[in-house]
Amino acid sequence: MNRDLEDSCDEKVFDYLFRIHATDLFNFLYYKYGEMNNPADMVQEAFAKLWKKCKDVHPNKARSFLFTVANNQLLNEISKKKTALKYRSELKGKESTLETPQYAMEEKEYMDKLQNAIEELPEGQRVAFLLNRIEGKKHQEIADMLNISRKAVEKRIYTALAKLREKLGDI
Amino acid sequence: MSEEGNIMKWLNGDLSPEEEKEFLKSSEYQSLKSLSDRVISFKAPKYEVEEELNRFKDSYSRKQEARKINWYVPIFRIAAAVTLIAMVYFTFFKSTGVEIVTNAGETAEVYLPDSSIVILNAVSSIKYDPEKWTKARKVELEGEAYFKVRSGSKFDVLSDDGTVNVLGTQFNVISRPNYFEVICYEGKVAASSDSDTHTLFASDAFRSINGEANFISGWHNDKTPSWLNNIISFESVQFQYVIDEFERQYDIDVQVQSVQTQKLFTGSFRNDNMELALRSICIPLKIEFEIIDKRTVILKGVDK
């Protein structure tokens, strides 16, 4: 039975690969291209490419194959729509529960500014930063996903953070 | 430890508990925290893995792996064939489709599941499946029908020679042997036959007669087809087609002698008065007619 685990073309194996990699791939594509570029469809496309090449890609290499496809813009779905990343206020970390109208307005202004600033970050910085801050990915994990060195990841995250702080005037 | 180093370690979750305690007290962290917390609001939407996996399987066909030859297989194959036959049997006899047929001299009015109205001309039929309507909106047409589609409603009309994609509009479709015609009366319709696809707006027509497709803009100025008012009209069609339609309208057999049925005819006839109708079609082409009995009429061409 062990022999099956080496065959990406085996349906059970492929399903397994989908289940363990699709969510990370989706998040990566979402943070990179935003919601208007159909990240879910891009995930489908990436797996379709994997399926086509299932004979040549060992299951252990599937993750890097998928992210390589995603990183190298080998996906047709990229329609170059504006990168739009919406925020959902209910997800905010626990903040003040006292909300005056003044506060609410300032808060909204802040969030809009932040949204803008995030969307304007260079792709590479944005993805690294968000994967780290939101998804809790370690620097090495991100390095593997982006196919760059760990130091490069650290630099990107730090730079992104600095840019955001600058744009938001360090409230 | 530099500030940058501290921040980086914190970002990576690498601070020891004591280091973290210290760090959290720093003003450095305080300003970071508010930004950091708010960034979490930008979390990607939940990815439904199982749903997406199913979607993947639906779109990308999976080929069966070659199986080892096994003598159980022939038995399974036979069992499968029997099951398949049974399934086909039940599908055929327990079909949920609806079919409405008109005979010669009849018209019918049908309401589709979305409240669109279809008016059938004589010797025509439509088929559709109300139970599958939400998934597959298709109407199969043979003959001629006028569609009044409910605003915003979408479906396809399929016939032997072409397909019409509908979106809240009014149009007439004719699908007879070698004659496919779509005339739009209101809204927008996309008609396609083997060779062509066209978008039709009100007053446009798409005709494919004997394989020759034509798109004509501004074909008519009518609000509705004339046959809804008992007048069957023709524009540059072969006389044979006029005769065929005459037979369908009056449930009668028309025989011809020395008539050039290839000649193009433009005109009309009423479908509620046979003698007047015969005169309408015969006089322009200098043809004489003779009514033999209730079911037979002879058209005789006048020899020069």
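Visitor: Which side chains meet in a salt bridge at 3.2 Å, N to O?
Guide: Those of A:E135 and B:K43. A salt bridge here is a side-chain nitrogen of Lys or Arg within 4 Å of a carboxyl oxygen of Asp or Glu.

Visitor: What kind of model is this, and how are the residues numbered?
Guide: It is a predicted model, where local features need pLDDT of at least 70, side-chain atom pairs count only at pLDDT 80 or more, and totals for chains, interfaces and linings use all residues. Residues are numbered from 1 along each chain as its sequence is written, chains are lettered from A and ligands numbered from 1 in the order in which they are written, and side-chain values use heavy atoms, with hydrogens and water left out.

Visitor: Back to the interface. How many salt bridges does the rule find across chain A and chain B?
Guide: Seven. There are also nine residue pairs in polar contact between chain A and chain B, both residues at pLDDT 80 or more. A polar contact is a pair of N or O atoms within 3.5 Å; within protein, one must be able to donate a hydrogen and the other to accept it, and residues adjacent in sequence count only if both atoms are side-chain atoms.

Visitor: Which helix of chain A gives the largest share of the side that touches chain B?
Guide: Helix 1, with eleven residues. Helices (H or I, at least four residues) are DSSP runs, numbered from the N terminus.

Visitor: And by class, what is on that side of chain A?
Guide: It has 29 nonpolar, seven polar and 20 charged residues. Ala, Val, Leu, Ile, Met, Phe, Trp, Tyr, Cys and Pro count as nonpolar, Asp, Glu, Lys and Arg as charged, and the others, Gly among them, as polar.

Visitor: How many residues are in contact overall between the two chains?
Guide: 56 residues of chain A are in contact (heavy atoms within 4.5 Å) with 36 residues of chain B.

Visitor: New topic. How do helix 6 and helix 7 of chain B cross?
Guide: Their axes, lines fitted to C-alpha atoms over the stretch in contact, come within 12 Å and cross at roughly 175 degrees, on a scale from 0 to 180 degrees between N-to-C directions. That makes the two helices of chain B roughly antiparallel (over 145 degrees).

Visitor: What residues meet there?
Guide: B:F239, B:V242, B:F246 and B:Y250 in helix 6 meet B:M274, B:A277, B:L278 and B:I281 in helix 7. By class, that contact has eight nonpolar, no polar and no charged residues.

Visitor: And helix 6 with helix 7 in chain A, at what angle do they pack?
Guide: About 105 degrees, with their axes 8 Å apart. They are therefore roughly perpendicular (65 to 115 degrees).

Conventions:
Parallel < 35°, antiparallel > 145°, perpendicular 65-115°, else oblique.
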